[in-house]
Amino acid sequence: MTGSGLFLDARRRRACAFVSHAHSDHLGRHDRTIATAATAALARHRLGDRAGGEVLPAAYREPFGLGELTLELFPAGHVLGSAQLRAVNGAGVALGYTGDLCLEPTETAEPAEVMGCDVLVLESTFGLPRYVFPPKEEVLAAVRDFVDDALSDGVTPVLLGYALGKAQEILRHLGGRGYACRAHPAVHAVNRVYASLGVELPNVRPLGPEGPGRDEVVVAPPHLARSSPVQRIRRRRTAVLTGWAVDGARHHRGVDAAFPLSDHADFPSLVRYAKATGAGRVLTLHGHAEPLARALRREGLRADPLEATTQLELL
């Protein structure tokens with residue numbers, strides 16, 4: 001934001017940056033980082049010795065000052081510790097930045113809250129009208145059916161979900177319902193950080209060289225579906241968990257099924273959220289920013305797409 005010295009989810013090193021959550025496409029090595037304590041812990045795990053800099057941990061709903069700005073964080077519902085940022089200038093005008101946003105409650109992330117603001121920067125990952133997700137309980141029931149069918153056929157169900165966020169959500173859901181689960185080493189490492197932050201995942205063990213037992217479910221990241229811990233499972237049936245499953249399983253190579261379990265808001269939720277904030281201007285960012293802006297204009301909002309590299313001038 002021009003004049004404030006504050007950058008939002010910058011990838012290149014900056015003097016001061018807000019980091020909304022610990023997914024790699026939102027992380028950077030900054031001199032000073034503003035983030036929740038959970039995001040800071042997960043970022044340290046992901047960046048390791050490259051994290052560097054000073055972390056300024058911030059709690060939800062506790063305003064604090066940065067130069068002439070008053071900043072406040074609100075839960076974004078995306079992954080553990082994910083946050084939205086509201087910045088209020090000296091004239092009392094508020095800019096809100098959602099980062100990645102999920103409005104459906106999960107068992108492993110703080111529920112998202114509507115952030116009232118005058119100008120809203122809204123993530124637009126699923127900003128096309130065709131992206132309408134079924135109710136989460138229906139999706140989770142379908143995943144359980146997939147797991148039950150695989151186990152009854154004597155094969156190992158392998159569920160592919162991002163190592164940070166999606167994996168913990170499905171592990172918590174299945175483990176809490178009595179399913180015995182194994183976590184790929186990359187997932188297990190993140191699980192340990194979640195546990196240190198007070199989020200326990202029952203009935204979950206790391207996936208070792210011995211492989212899963214007869215009635216165990218394996219959870220692994222999609223990009224490691226061909227890694228040796230998974231490839232050693234000779235009899236397996238694989239499903240990917242992603243919002244892009246709305247486009248069909250044919251778009252995901254090497255899987256038997258795809259389920260639209262997403263940690264992002266779908267199109268109707270994005271439209272509802274933009275209207276609920278009361279913002280007089282909306283800037284859409286990432287994904288399908290242009291079509292979402294058009295849809296919001298049809299709803300009577302002043303909306304335009306924003307280039308990811310643009311440095312905002314605050315009001």
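Mentor: Let us begin with a definition: a residue is called buried when its relative accessible area is under 20%, exposed when that area is over 50%, and partly exposed in between. Please keep in mind that this is a predicted model.

Trainee: Which residues of helix α7 are buried, then?

Mentor: In α7, which covers residues 289-298, the buried residues are A289, P291, L292, A293, A295 and L296.

Trainee: And what do the buried residues of α7 pack against?

Mentor: They pack against β9, α6 (267-276), β16 (281-285) and β17 (302-305).

Trainee: What about the backbone on either side of that helix?

Mentor: Just after α7, G300 takes a positive phi of about 95°. In the loop between β16 and α7 one finds H286, which has a positive phi of about 70° although it is not a glycine. H286 counts as partly exposed because its relative accessibility is 35%.

Trainee: Where is N203, and what is its phi?

Mentor: N203 sits in the loop between α4 and β12. Its phi is near 60°, a positive value in a residue other than glycine. With a relative accessible area of 44%, N203 is partly exposed.

Trainee: Changing topic to the sheet: in what order do the six strands come?

Mentor: The order is β12-β11-β13-β10-β14-β15, in an open sheet with parallel pairing. At the edges are β12 (204-206) and β15 (257-259), each of which pairs on one side only. From one strand to the next, the twist averages 30°.

Trainee: What holds paired strands together in general?

Mentor: Strands of a sheet pair through backbone hydrogen bonds, either parallel or antiparallel.

Trainee: How many bridges are there between β11 and β12?

Mentor: There are three bridges, and the two strands pair in the parallel sense. As for individual positions, A183 stands opposite P206 in β12.

Trainee: Which strands does α2 lie across?

Mentor: α2 lies across β10, β13 (216-220), β14 and β15, and it runs at about 150° to β10. Helix α4, residues 185-196, lies across β11, β12 and β13 and runs at about 100° to β11.

Trainee: Now the charged side chains. How many salt bridges are found?

Mentor: A search of the whole structure finds 15 salt bridges. One of them joins R86 to E72, with the closest N and O atoms 3.0 Å apart.

Trainee: Which parts does the pair of R86 and E72 tie together?

Mentor: R86 lies in strand β7 (residues 83-88) and E72 in strand β6 (residues 69-75), so the pair ties together parts that are 14 residues apart in sequence.

Trainee: Why does E72 count as buried?

Mentor: E72 counts as buried because its relative accessibility is 13%, and the cut-off for buried is under 20%.

Trainee: Which salt bridges link distant parts of the chain?

Mentor: One is between the side chains of R177 and E107, at 3.6 Å from N to O. R177 is in the loop between α3 (166-175) and β11 (180-183), whereas E107 is in the loop between β8 (94-97) and β9 (119-123), 70 residues apart. R177 is partly exposed at 42% relative accessibility, and E107 is partly exposed with a relative accessible area of 36%.

Trainee: And the other one?

Mentor: The side chains of D153 and R237 meet in a salt bridge at 3.2 Å, N to O. D153 is in the loop between α2 (136-152) and β10 (156-160), and R237 is in strand β14 (residues 236-241), 84 residues apart. D153 is partly exposed at 45% relative accessibility, and R237 is partly exposed with a relative accessible area of 24%.

Trainee: Which residues are linked in a network of salt bridges?

Mentor: The network links R182, R205, E210 and E216.

Trainee: Last topic: what is the volume of the second largest pocket, and which residues lie nearest its centre?

Mentor: The volume of the second largest pocket is about 340 Å³. Of the 20 residues that line it, L160, P222, A225, R253 and V255 lie nearest its centre.

Trainee: Which elements supply that lining?

Mentor: β10, α5 (228-231) and β14 each supply at least two residues of the lining of the second largest pocket. The largest share, four residues, comes from β14.

Note on methods. Residues are numbered from 1 along each chain as its sequence is written. This is a predicted model: local features need pLDDT of at least 70, side-chain atom pairs count only at pLDDT 80 or more; totals for chains, interfaces and linings use all residues. Side-chain values use heavy atoms; hydrogens and water are left out. A salt bridge is a side-chain nitrogen of Lys or Arg within 4 Å of a carboxyl oxygen of Asp or Glu. Buried means under 20% relative accessible area, exposed over 50%, partly exposed in between (1.4 Å probe, protein chains only). Two strands pair if DSSP finds at least two bridges between them. Axes are lines fitted to C-alpha atoms, for helices over the stretch in contact, and angles run from 0 to 180 degrees between N-to-C directions. Contact means heavy atoms within 4.5 Å. On a 1 Å grid over the protein atoms alone, a cavity is a set of points where a 1.4 Å probe fits but cannot get out, and a pocket is an open set with protein on both sides within 12 Å along at least five of seven lines; lining residues have an atom within 4 Å of a point. Grid points are joined across faces, edges and corners, and a volume is the space filled by probe spheres set on the points.
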